[in-house]
Amino acid sequence: MPSKKALIRRPSPRLTEGLVTHIEREEVDAGLAARQWEAYAEALRTHGWETVEVDPADDCPDSVFVEDAVVVHRNVALIARPGAESRRGETGGVEEAVARLGCSVNWVWEPGTLEGGDVLKIGDTLYVGRGGRTNAAGVQQLKAVFEPLGARVVAVPVSQVLHLKSAVTALPDGTVIGYPPLVDTPSLFPRFLPVPEESGAHVVLLGGGKLLMAASAPKTAELLADLGHEPVVVDISEFEKLEGCVTCLSVRLRDLYI
């Protein structure tokens, strides 16, 4: 059977020092962030996901954004090489976690940089954001690992936001959703649905039509509910202050056959 496992990682004690690149820095409440993280993990479990905790990386402020450390397609994991040098210590624990789950492990090598938040998977198509954190060499290495497995890799420009999935994610039918002012080239996607809020562009597919979404996008939640989806809302305000969203707080392993 396909798996429903989700890698998660506790916030670092240094979370408040996390990187901010495209927004103004705001004070982060570490205690509130810890409670929000627990609620996020509980939402995954409530909807049928087994959470797998990656070993903490306490010296890495951004390590809670575990999705950036790896890309997994089927049973193959590509360990990222973050474009932000301060984040490169995050990958070791994630590598150990995916290896324990039975993945074959590959790595992005210098001069390539790649962060998992830049990779949007829709079926066997992998859209990869080419921008601040992922470079051309990283895109080529992603292709080298996953195209032999039957994947199609499509590079997408990213200039307005941190990662591709800061701008767009996809609904269960493959329709890409995004907040238009932050999407460089909507026409690259076969089906694109504009949403009215920036954080409304971020959904995690929980299964059964349920979409994990941020509480900061009520208009988008209403829109998606009208289209027949079931929003599951979590408050991640403290992580949004660090350019985080619902996608980057976990790595969903759907294709891992166990």
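**Figure 1. Three strands form an open sheet with mixed pairing.** In this predicted model, the strands follow one another in the order β3-β4-β5; strands are DSSP runs of E with at least two residues, helices are runs of H or I with at least four, and both are numbered from the N terminus. Two strands pair if DSSP finds at least two bridges between them. At the edges lie β3 (70–73) and β5 (104–107), each of which pairs on one side only. From one strand to the next, the twist averages 20 degrees; axes are lines fitted to C-alpha atoms, for helices over the stretch in contact, and angles run from 0 to 180 degrees between N-to-C directions.

**Figure 2. Strands β3 and β4 run antiparallel, and a helix packs on the sheet.** Four bridges join β3 to β4 (residues 76–79). Valine 71 has leucine 78 in β4 as its bridge partner. Helix α3 (residues 136–146) touches β3, β4 and β5, where contact means heavy atoms within 4.5 Å. The direction of α3 makes about 165 degrees with that of β4.

**Figure 3. The whole structure holds three aromatic pairs.** Rings of Phe, Tyr and Trp (its six-membered ring) pair if their centres lie within 6.5 Å; planes under 30 degrees apart count as stacked, over 60 as edge-to-face and the rest as tilted. One of the pairs joins tryptophan 107 and tryptophan 109, tilted at 45 degrees between the planes and 6.0 Å centre to centre. Tryptophan 107 is partly exposed at 37% relative accessible area, and tryptophan 109 is exposed at 54%; buried means under 20%, exposed over 50% and partly exposed in between (1.4 Å probe, protein chains only).

**Figure 4. Tyrosine 127 and phenylalanine 189 form an edge-to-face pair.** Their centres are 5.0 Å apart, with 65 degrees between the planes. The pair links distant parts of the chain, 62 residues apart: tyrosine 127 belongs to strand β7 (residues 125–130), and phenylalanine 189 to the loop between β10 (176–178) and β11 (192–194). Both residues are buried.

**Figure 5. The count of disulfides is zero.** A disulfide is a pair of cysteine sulfur atoms within 2.5 Å. For cysteine 245, the closest cysteine sulfur is that of cysteine 248, at 4.1 Å, which is too far for a bond. Cysteine 245 is buried, at 4% relative accessibility, and cysteine 103 is buried at 8%.

**Notes.** Residues are numbered from 1 along each chain as its sequence is written. In this predicted model, local features need pLDDT of at least 70, side-chain atom pairs count only at pLDDT 80 or more, and totals for chains, interfaces and linings use all residues, while side-chain values use heavy atoms, leaving out hydrogens and water.
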